[in-house]
Structures are given as structure tokens and as C-alpha cells.
Amino acid sequence: SWFLRSLSLNPKQAKMEAEGISQSAISAFESTFKSLVAGETGIIPEKTINPVKDLTRAENLNVKSDSALLSKTVVLKLNGGLGTGMGLDKAKSLLKV
């Protein structure tokens with residue numbers, strides 16, 4: 001929309017710099033801001049996703065344990081929307097398990 005295109009990143013960036021926000025965080029915000037202004041939704045259409053055809057089972061892998069690799073480990077968590085579908089409208093992490 002014209003409103004989003006009229007927004008400027010400069011005042012926001014200056015405010016973050018004045019608050020001592022790291023350059024990497026500012027760059028991440030800038031990237032997301034530009035995507036928003038460009039009208040991108042970040043949604044991946046389901047019809048563009050294909051299942052993995054062949055995946056080796058973890059128990060069939062022949063690897064040695066190496067705790068030094070933990071510092072290079074990344075955890076990716078995907079939000080599935082299950083709670084929203086059940087009518088929850090607050091953070092699910094507040095639910096007692």
C-alpha cells in the first residue's frame with residue numbers, strides 16, 4: 001500500500017543505534033522492514049512444498065559422538081498453528097503441561 005511505501009527506515013535505524021542495538025539486529029530489522037514495505041508476506045504456499053523423497057533414518061547413520069559440535073548446532077522450530085486452530089489466542093508457552 002502507499003502507506004507502507006511512505007514509511008522511512010532512517011528514523012527507526014537512528015533510534016536503534018542510539019539505544020545501542022547491535023548492527024546485526026538492526027540489519028535483521030532492516031531486511032524484514034524492506035520485505036514488509038515490498039508487500040511480501042513471508043508465507044510459503046503449501047503447493048510449493050514437496051516431501052523429502054529419501055531420508056536416512058537417524059539410527060542408520062554411522063557417526064561418532066562429538067560434544068564440540070554442540071557449539072555449531074542450530075535448532076529450528078516451526079510454528080504449526082495448532083493452538084490457533086483450537087481457539088487459543090495467547091502464547092501457548094503459558095499453558096501448564
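Angles under 35 degrees count as roughly parallel, over 145 as roughly antiparallel, 65 to 115 as roughly perpendicular and the rest as oblique. This is a predicted model, in which local features need pLDDT of at least 70, side-chain atom pairs count only at pLDDT 80 or more, and totals for chains, interfaces and linings use all residues. Residues are numbered from 1 along each chain as its sequence is written, and side-chain values use heavy atoms, with hydrogens and water left out.

**View 1. Helices α2 and α3 cross.** The axes (lines fitted to C-alpha atoms over the stretch in contact; angles from 0 to 180 degrees between N-to-C directions) of α2 (residues 10-18) and α3 come within 10 Å and cross at roughly 160°. The two helices are therefore roughly antiparallel.

**View 2. The contact of α2 with α3.** Lys-12, Gln-13, Met-16 and Glu-17 of α2 meet Gln-23, Ile-26, Phe-29 and Phe-33 of α3. Contact means heavy atoms within 4.5 Å.

**View 3. Helix α3 and its end.** Helices are DSSP runs (H or I, at least four residues), numbered from the N terminus. Gly-39 follows α3, with a positive phi near 90°.
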